[in-house]
Amino acid sequence: MTTDNAIHDSRQTLGFQAEVKQLLHLMIHSLYSNREIFLRELVSNASDACDRLRFAAIAEPSLLPAGEELAIEVSYDKDARTITVSDNGIGMTREELIEHLGTIAKSGTREFFAQLTGDQRTDSQLIGQFGVGFYSSFIVADRVTVVSRRAGAPAEAATSWESDGGGEFTVEPAARSERGTDVVLHLKDGNDELLSGWKLKSILTHYSDHIATPIRMHKEEWDKDSNQLRRTQELETVNRASALWTRPKSEISDEQYKEFYKHVSHDFGDPLAWTHNRVEGRNEYAQLLYIPKRAPFDLWDRKRTHGLKLYVRRVFIMDDAEQLLPSYLRFTRGIVDSSDLPLNVSREILQESRDVKAIREGCAKRVLSLLEELAQNRAEDYAGFWSEFGAVLKEGIGEDPANAERIGRLLRFASTAADGGKLTSLAEYVGRMKAGQSAIYYVTAESIEAARSSPHLEIFRKKGVEVLLLTDRVDEWMLSFLTEFEGKPLNSVAKGDLALDALDDEQDQEDKRKAQDEYQDLVARIKEALGDRVADVRITLRLTESPACVVVDKDAMSAHLQRMLKASGHDAAPSKPILELNPHHPLVQRLQADPADLGEWAHLLLEQAILAEGGQLDDPASFVKRVNALLLAGGVKGAG
């Protein structure tokens, strides 16, 4: 962004941040069909400015004299073709105007622009999800003027900001008799219907009735002499001007709940679900919590705080109070209004407060109850929630032991028994377990395709045993805490013994004993040839198609987790794999009959098994040379 610090007290022309220019262009062309949202966004900003002044006045009472009311005024001028939204809130300095209106200081910005497609309908949804606030003014205006004076500053310290929505904006000194901000929209052609008191009031009633700050407009009366509406000097409040969460639920419509969600979340879309409660007892507080339909762009940004708006006795205290919810529920939006916390509460006090801990536990239980209701009664909506936030909810298994059992019932997984992308719950899996099956089986992999093609699944397909397919990065961490469900242990198909003996018939058990005896010498020679590359070599009946596979001991770190840690730059103590051989495969039988080049074949079997389960070889060049040498020696023909 271009700046000129040498000129501070005169007119100055500055350039928009590149992302602002891109956003303005997209918004003007993609959101015009929903142009009325500009007024909702400007009123929402004005309401926030009033909330912030009320909070600042707790520490500095002179900023808000006793008895003075905070309010928002909306007016229009037909002759000048302008609409003005004014507030007497906190106001902005020159530097704040440049920072807030010239740049997008928002995490997830890069990811947001990377997802834009060029399709207006798709992009309009993304833009709404990203949140545009003040910039929505340019949907209906070809020029916007902002005049603002910071609370506590003198009248001559006001600043004017102006832009036509192109590549630049100007700032210059201005005068404003009172603190606060005026946003003046100079309307584009074709928007004259907005220059109507009735039209503006209907928009405000529809979108902003939930705003707790009074929104006022001049009263209009019918003048018999001129046979037209005449604007009076009297102001009337056009919204209820009471905090939505303080009203009885019976008096609040679904539409009002949805509009309040858009106010607190800056999302243009409707929420998936919400819960509104008043908690009484040792701790008294109101909570209005929403579950969004779509994940925000910064959901995985660890530097970004994700939390609820905190009010104390209807006084706004802070945004994103992450102490009010555990991290694994950070997708939740909404407000908590406490009757017990002090008005001067800080983030540090929140961290240590017993009352906040009780609120946090109460909010977590409410959100989990809401998710349980979705899962039970609105399966399609819950599937949508899971696709957006499932990986985050899984974190709760380790983070919230008190609710781990409830979270476990909400988990959903791909499975070998579910086709077409359908997911299954652990309870559904247990209900389908075969007679004699004692464990829940799973495989971890980089993708669903890799999981389905894992050689470890071969015996499970043969016996008709279901296996869960886990592919989220968080799964390996989650499984260190999720060790059983309804008394059934969760076992990896790539770890240790499979405990499938109860599903074997007498012939299976006899084949296993016979194979172990018959191949005892071959196993010993292969183990000697591989040396310290493996922890052990043994015969297995878990394979039906592949000649070999690698597994690790039951308590060892899985190969998939080792790869993930290595890819993220973390040191992971490598655990040597166990090579298991399929005695029914022609290649293994050929080695039993003719051990020529046994050492080369042993290394090839190991390397093939590592590749088959998604691993990487330490020396790919040697693998290629080995394959070529065995091909030239006629190994493939001999193995056939």
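Tutor: Helices (H or I, at least four residues) and strands (E, at least two) are DSSP runs, numbered from the N terminus. This is a predicted model, in which local features need pLDDT of at least 70 and side-chain atom pairs count only at pLDDT 80 or more, while totals for chains, interfaces and linings use all residues. Residues are numbered from 1 along each chain as its sequence is written, and side-chain values use heavy atoms, with hydrogens and water left out.

Student: Where is glutamate 486, then?

Tutor: Glutamate 486 sits in the loop between β18 (484-485) and β19 (488-492). Its phi is near 50°, a positive value in a residue other than glycine.

Student: What does glutamate 486 count as in terms of accessibility, and why?

Tutor: Glutamate 486 counts as partly exposed because its relative accessibility is 40%. Buried means under 20% relative accessible area, exposed over 50%, and partly exposed in between (1.4 Å probe, protein chains only).

Student: And alanine 241, what is its phi?

Tutor: Phi of alanine 241 is near 55°, again positive in a residue other than glycine. This alanine belongs to the loop between β9 (228-237) and α7 (254-265), and at 26% relative accessibility alanine 241 counts as partly exposed.

Student: Is threonine 159 buried or exposed?

Tutor: Threonine 159 is buried, because its relative accessibility is 3%. It is part of strand β5 (residues 158-163).

Student: Changing topic: how many residues are in the largest nonpolar core?

Tutor: That core has 71 residues, and Leu310, Phe331, Leu371, Phe385, Leu393 and Leu411 have the most contacts inside it. Helix α9 (residues 354-377) gives the largest share, nine residues. Another core, of 45 residues, lies apart from it, with Ile72, Met92, Val146 and Tyr207 among them. A nonpolar core here is a set of buried Ala, Val, Leu, Ile, Met, Phe, Trp, Tyr and Cys residues joined through side-chain atoms within 4.5 Å.

Student: What about the chain average?

Tutor: The chain averages a pLDDT of 86, and 87% of the residues score at least 70.

Note on methods
pLDDT is the predictor's confidence in each residue, from 0 to 100.
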